Amino acid sequence: MNSKNPTVRALTLTAFWLVVAVVLFYVLFPFYWAVKTSLTGPSVLSSEALRWLPSQLTWQNFHDVFAGQPFGRNLFNSVVVATGTVLLSLLLSLLAAYALGKFRFKGKSVLMYIILAVSVFPQIAVLSGLYTMIKTFDLYNTWGGLILSYMIFTLPFTVWTLTAFVREIPTELEEAAYVDGASPLQTLFQVLLPVMTPALVTTGLLAFINAWNEYLFALTFTSDNAAKTVPVSIANFSGATQFENPFGQIMAASVIVTIPLIILVLVFQRNIVSGLTAGAVKG
C-alpha cells in the first residue's frame with residue numbers, strides 16, 4: 001500500500017490541476033473571446049471570427065460604442081443606480097441584521113423565512129405591481145425608480161447575509177459597550193461596525209454586481225437615456241441597417257462594463273476572502 005501512495009498522490013494531484021484548468025478555461029474563455037472580438041476591426045470580423053488572435057489590433061469598436069450612442073450616459077446611470085442601491089441596502093440591512101441577530105422578539109423566525117422567501121421570488125411575479133407603484137409615485141424613468149425596484153432583490157439578500165454574520169460576533173463586545181453606557185445605535189456603529197467591515201464589503205460587492213447586471217427592471221422602468229442602464233443599452237445596439245449586427249461594438253461594451261467589476265474584486269480581494277470565511281469559525 002505504501003509503495004502505491006506516491007502514484008496515487010501523483011494521479012490525484014494531476015486530476016486536481018486538470019479540473020482546475022477546465023474550470024478556469026470555462027470561466028475565462030468567454031471573457032478572452034469578448035476582448036479578442038472587441039479588438040478586431042468590423043471590416044474583418046467575419047473573416048477572422050474563428051482566429052485566436054486578430055491580425056491587427058484596433059480600438060475602433062470602443063470608439064464607436066461611445067460615438068454611435070450615448071453609452072457614456074448609460075454607464076453613468078448604471079454607476080449611480082448600482083451605488084445608490086448598495087448604500088441604501090447596506091444601511092437598512094445593517095440595522096435589520098443587528099435587530100434580527102442580537103435581539104429576541106416574537107415572530108423573528110417567521111420574519112426571517114419571509115425575507116428568505118422574498119429573495120427567491122421571480123422578478124416577473126412582482127413586475128406588474130411594482131410598475132403600478134412606480135408610476136403612482138412618479139418615479140418612472142428615474143434613478144429613484146430603479147433604485148427602489150432593485151432593492152427588492154438586494155435588500156433581502158443583504159439582510160439575510162449580514163444577520164448570519166452578526167450572530168457570530170461575540171456578545172462580550174456588546175456587553176462591554178453597554179457597561180460603558182453606549183446606546184444600541186452607538187454599539188452598532190462604533191463597536192460592531194468595524195468588526196463587520198469584511199462582511200459589508202463582500203455583501204455590498206455581490207449586491208453591486210446584481211444591480212449592475214440587472215436587465216428586466218431597467219428595461220421595464222425606463223424609456224430613454226435619462227435613466228437607461230448599460231444592460232438595456234447594449235441590448236439595443238443596432239447596426240447601420242436592420243440586417244447588420246454590431247457584434248464588435250457589443251463585445252467592446254461588454255468588456256467596458258466588466259472591467260469595473262474586476263477592479264472592485266481586485267481592490268477588495270482581502271476583505272472578500274475575510275468576509276466569506278468569517279462565519280466558518282465561531283468567534
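**Helix α6 and its two partners**

Mentor: Helix α6 passes α9 in a right-handed crossing. This is a predicted model, where local features need pLDDT of at least 70, side-chain atom pairs count only at pLDDT 80 or more, and totals for chains, interfaces and linings use all residues. Residues are numbered from 1 along each chain as its sequence is written, and side-chain values use heavy atoms, with hydrogens and water left out.

Trainee: What makes a crossing right-handed or left-handed?

Mentor: It is left-handed if the near helix is turned anticlockwise from the far one by less than a right angle, and right-handed if clockwise.

Trainee: Why is α6 called roughly antiparallel to α9?

Mentor: α6 and α9 (residues 197–213) pack at about 160°, axes 10 Å apart. Angles over 145 degrees count as roughly antiparallel. Therefore α6 is roughly antiparallel to α9.

Trainee: What angle do α4 and α6 make?

Mentor: Helix α4 (residues 108–119) and helix α6 (residues 143–167) pack at about 135°, with axes 8 Å apart. Under 35 degrees is roughly parallel, 65 to 115 roughly perpendicular, and the rest, once those over 145 are set aside, oblique. So α4 and α6 are oblique to each other.

Trainee: Which way does α4 cross α6?

Mentor: α4 passes α6 in a left-handed crossing. The α4 side of the contact includes M112 and I115, the α6 side W160 and R167.

Conventions
Axes are lines fitted to C-alpha atoms, for helices over the stretch in contact, and angles run from 0 to 180 degrees between N-to-C directions. Helices (H or I, at least four residues) and strands (E, at least two) are DSSP runs, numbered from the N terminus. Contact means heavy atoms within 4.5 Å.
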